[in-house]
There are 2 protein chains.
Amino acid sequence: METENQNLIRSAQLLRSFWNVQKNIMRIVQKTAIENGLTVPQYSILMVIILHEDMTQKIVGEKTFLPKSTLSQAVDGLVRAGLLHREPVEGNRREIQLTITEKGKSLLKAIHMHEGSIHHSFQTVLEMLTKEQFQALVDTHLQITNHLEAQATEQGECSE
Amino acid sequence: METENQNLIRSAQLLRSFWNVQKNIMRIVQKTAIENGLTVPQYSILMVIILHEDMTQKIVGEKTFLPKSTLSQAVDGLVRAGLLHREPVEGNRREIQLTITEKGKSLLKAIHMHEGSIHHSFQTVLEMLTKEQFQALVDTHLQITNHLEAQATEQGECSE
DNA sequence: TTTGAACTGTTCCAAAGTGAACAGTTATTT
DNA sequence: AAATAACTGTTCACTTTGGAACAGTTCAAA
């Protein structure tokens, strides 16, 4: 069973290679978040909301995959800091609309420009990669993500 | 400045693509850890130690990038659970040698075999990728990791 | 040898994260 | 209409995390 052993080694290698990148991403994100008085979940929430300016808390939860309780408290902090505006959705008093304030927008903009931010770092990463490398990377990641998520729902169903 | 804007979009895309994979990895790792009565740091520690069977706590810290305090407490739990053996390095009473016990080895082996483990999942991922895709992925990840780490030390020096 | 600096690991505590129970709202069934 | 189930978000209690102070060890210089 040499090939099987080979596969185990390769899968560990793949895992480590993701892990090494992630380690660096988290280091940068964490540093940026703390420097701006945010927690990591709060920073994630802002980054998701800035994409659409306006989302329900439910949608934010789906995008960030944060637990409801974490999300609720993180949003609370952001509202108290004046970075987010929170109001009930009209026509559905269950859901809550989250809007980024001007203060929130300018904070995020400042963060993105700043030398050590994750976006800034990743822009320099981009400069290093060829167009083909970039595309291959994103494509393969998508393939892996889809596979892992399919596997999850599959097993979720089977276990019942 | 169209290209600059392009770059910002691409860097966000790259970040999201890593994030999506990582989300799934963490979901699987966390599930596996909990099912086996471990915390995520503890699971990480075991995975690192199994590679060499025998390491100082210092080295484990360097590999896993866990804070010293987290590492210390996680190891303590593993020792109490009988999965790890801990003894002072002879000739250097500062460092501590960590050895995986038979119980630890068999637990990890059982985990790796198990359907939902991260290693198992990643083996099925491997089957999906071509050899070239795999190699390109690992290579690009390494390139990115090196770049980000170089950037970190660079900035660390400059800021002084 | 003594002093002081650097190293390795532990302890403590404040902060952050999260599952579970909950409250209120909406949709569906009887 | 009433009852029930599903949904959305909050609260609370508990666990985990990680920075800072610490204790003991080693090394180098005086």
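Where is the place of Phe65(A) in chain A? In this predicted model, in which local features need pLDDT of at least 70, side-chain atom pairs count only at pLDDT 80 or more and totals for chains, interfaces and linings use all residues, residues are numbered from 1 along each chain as its sequence is written. Chains are lettered from A and ligands numbered from 1 in the order in which they are written, and side-chain values use heavy atoms, with hydrogens and water left out.

Phe65(A) lies in the loop between helix 3 (57-64) and helix 4 (68-80) of chain A, where helices (H or I, at least four residues) and strands (E, at least two) are DSSP runs numbered from the N terminus. The phi of Phe65(A) is near 65°, a positive value in a residue other than glycine. Most residues other than glycine have a negative phi. In chain B, Phe65(B) is likewise placed in the loop between helix 3 (57-64) and helix 4 (68-80), and its phi is positive, at about 65°.

Chain B holds an open sheet of three strands in the order 1-3-2, with antiparallel pairing, two strands being paired if DSSP finds at least two bridges between them. Strand 1 (54-56) and strand 2 (84-89) of chain B stand at the edges with a single partner strand each, so one side of each is left without a neighbour in the sheet. Three bridges join strand 1 of chain B to the antiparallel strand 3 (residues 92-100) of chain B, and Met55(B) stands opposite Leu98(B) in strand 3 of chain B.
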